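Try each task on the structure before reading its solution.

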Amino acid sequence: MSHLVAIITEGQKDELVGQMWEKDSYFSPVLDCNDNWIISIEEIDGNTNPNFPWLSTLPLIDFCKKPEPGPGI
Amino acid sequence: MKHGAWHKRQTYRDMTFRQVPNLTIEERQAELNKKLKPYSLDLSKHIPIEVAHGPGGGTPPSNYDPDAQAFFNAVQGGGDTLTTTEKDATNQLVLDLKDNSLWSVFDGFYPFVGGTASSHKWNLLDPQDTNAAHRIIWLGGMSHSSTGILGNAVNSGGNTYWNYVSESATEMSVGLYVNDGLTATPYGAYDYGSFLETPTRQDNMISIGFSNKTTKYVNFNKTQYKSTTAGSYTKGLFLGQSNGADTSQLYQNDTQIFSTAQTIYPTDFYWGIACSLRLDAFNTIYAGGSPERGYGTAFIGKTYLNQTQITALNTSLVDFNTTLSRN
C-alpha cells in the first residue's frame with residue numbers, strides 16, 4: 001500500500017521540528033530511502049498551525065521507506 | 001373560641017408554620033427558629049448551602065470513581081469532550097483494574113478515549129500534563145478517532161517518556177489492545193519499542209508482525225531478537241514482558257504464545273507506542289518502524305504479570321473496548 005508524503009528541505013525540516021501541526025501532535029520529519037527529508041500527508045492535510053501555510057503547496061509523492069535497523073536487518 | 005397565651009401556644013403547636021396568621025416575616029422566622037432551637041439550626045445560615053446546591057449552582061457529586069473522575073477532568077480541562085458511554089466504560093475499566101489489583105502495577109495506562117490527539121495523550125493513572133506523569137507526546141501523522149489511534153506506516157508514534165533505566169525498573173511489561181489495520185502486510189513494523197544505536201545497538205521491542213503476518217518478536221537485550229510463529233495476526237491484547245533476570249514472554253489475549261530465556265539489557269531511552277522510538281543524527285526523537293495498525297488501549301509498567309493478572313487484564317480490556325464498539 002502506498003503512502004503519500006512530501007519532500008521538504010533541511011531548512012524547512014528545522015522549522016518544523018518541535019512545532020505542532022495540531023494540538024498535542026508534533027511534526028516529525030524523517031529521511032526516506034533517498035535521504036530526502038519528508039513529512040506525511042496526515043501532517044500536511046491536518047495542519048492547523050498558521051505559521052506554515054507553505055505546507056499545502058508541497059507536491060506529494062509515494063513514500064519510499066529508508067531501511068532501518070530491526071529484526072533481520 | 002379560646003383566648004389567652006396558653007391556648008394560643010397550643011393552637012400554634014398544632015398548626016403548620018404557613019398557617020400561623022397575622023405574623024410578619026420576621027416573626028415567622030423567629031417562631032420557626034424557636035421550634036428548631038434544640039437542633040441549633042438557623043435557617044438564615046443555611047441558605048447559602050441551599051443556594052450552592054440549587055438549580056444552576058454548584059456541581060453535583062460524581063457517581064464515578066475518584067480516579068476516573070480525575071481523568072475525565074483532565075480530558076475535559078484540555079478542551080475535549082467524552083460521551084457518557086466513554087465515561088462509563090472508562091470508569092468500569094478503573095474499577096476492574098482496582099478489583100484485580102492491577103491499578104498500581106503500571107506507570108502508564110492509556111484508554112484512548114475522546115477521539116483526538118489531546119484527549120488520547122492522558123495517562124489514566126496520573127492525568128497530569130507532564131513528562132514525569134508519562135503523558136504521551138504524539139509524533140508525526142498519527143490518526144485519532146473514537147476507535148483509538150492508527151499509525152500511518154511513515155512517521156507516527158507516541159512518546160511515553162518511560163525509560164527502564166531512569167525508572168529504576170527491575171522488570172517490565174508493555175502491551176496494547178490491537179483493533180485495526182491488520183489487513184496490510186507489515187514492513188518493519190514495531191508495536192512498542194525503545195531503540196539506541198550507541199554505545200551498542202539496543203532494540204527493546206515487541207511486534208505482532210514485523211515483515212509478515214506470521215512472525216512475532218520480543219526483545220529485551222540488544223539485538224538478541226526472539227521470535228515465534230505461534231498465535232495469530234488478529235485483534236486483541238498483545239503483551240510482552242521481561243522478569244529482569246532470565247525470561248522474556250509474549251502473550252496474545254490471555255494466552256502465553258512464547259517464553260524464552262533472555263537476560264535483560266535495557267535501552268536507556270524512552271519507550272514509544274506504535275513505533276520504535278529513536279534518535280536521528282541531529283539527536284531529535286522520531287518514531288521509527290511505524291505500523292499501519294490501530295490500537296484501542298496501551299500500557300507500560302515496572303511489573304511482571306502472572307497468568308491470573310493477564311487473564312483479568314485481558315477480560316478488562318476486551319470488556320472496555322467492546323463497550324466502545326471497537327473490539
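**Exercise 1. Examine the hairpin formed by S15(B) and S16(B), and look at its turn and its pairing.**

Solution. Start at the turn: 5 residues lie between S15(B) and S16(B) in this hairpin, and Asn283(B) in the turn has a positive phi of about 60°. Next, follow the pairing: strand S15 (residues 276-279) of chain B runs antiparallel to S16(B), with 4 bridges between them. One bridge to look for joins Leu279(B) to Ile285(B) in S16(B). Strands here are DSSP runs of E with at least two residues, helices are runs of H or I with at least four, and both are numbered from the N terminus. Two strands pair if DSSP finds at least two bridges between them.

Before going on, a word on the source: this is a predicted model, where local features need pLDDT of at least 70 and side-chain atom pairs count only at pLDDT 80 or more, while totals for chains, interfaces and linings use all residues. Residues are numbered from 1 along each chain as its sequence is written, and chains are lettered from A and ligands numbered from 1 in the order in which they are written.

**Exercise 2. Find which residues of H4(B) are buried, and work out how they are arranged around the axis.**

Now list the buried residues of H4(B): Ala68(B), Phe71(B), Phe72(B), Ala74(B) and Val75(B). These residues cover an arc of only 160° around the axis, so they sit on the same side of H4(B). The arc is taken from the directions between the helix axis and the C-beta atoms. Buried means that 20 or more other C-beta atoms lie within 10 Å of the residue's own, exposed means 12 or fewer, and partly exposed is in between, with C-beta atoms placed from the backbone.

Then turn to the surroundings. The buried residues of H4(B) pack against helix H5 (84-99) and H6 of chain B. On the face turned away from the buried side, H4(B) carries the exposed residues Pro66(B), Asn73(B) and Gly77(B). Just after H4(B), Gly79(B) takes a positive phi of about 95°.

**Exercise 3. Trace the fold of chain A and the strand order of its open sheet.**

Solution. Begin with the inventory: chain A has 2 helices and 6 strands, in the sequence pattern β-α-β-β-β-β-α-β. 4 of the strands form an open, antiparallel sheet in the order S4-S5-S1-S6. At its edges are strand S4 (30-31) and strand S6 (60-62) of chain A, each pairing on one side only. Inside the sheet, strand S1 (residues 4-8) of chain A pairs with S6(A) over 3 bridges, and Val5(A) stands opposite Ile61(A).

**Exercise 4. Decide whether Ile8(A) and Leu31(A) are buried or partly exposed.**

Solution. Take Ile8(A), in strand S1 of chain A. Ile8(A) counts as buried because it has 21 C-beta neighbours inside 10 Å. Its C-alpha atom is 5.5 Å from that of Trp37(A), 29 residues apart along the chain.

Leu31(A), in strand S4 of chain A, has 16 C-beta neighbours inside 10 Å and therefore counts as partly exposed. Leaving out residues up to four places away in sequence, Leu31(A) touches Asn36(A), Trp37(A) and Lys66(A). A contact requires C-beta atoms, placed from the backbone, to lie within 7 Å.

**Exercise 5. Describe where chain B meets chain A.**

Solution. Count the partners: 29 residues of chain B are in contact with 21 residues of chain A. On the chain B side, helix H6 (117-120), strand S2 (137-139) and strand S16 (285-288) each supply at least two residues.

Definitions and conventions. Contact = placed C-beta atoms within 7 Å.
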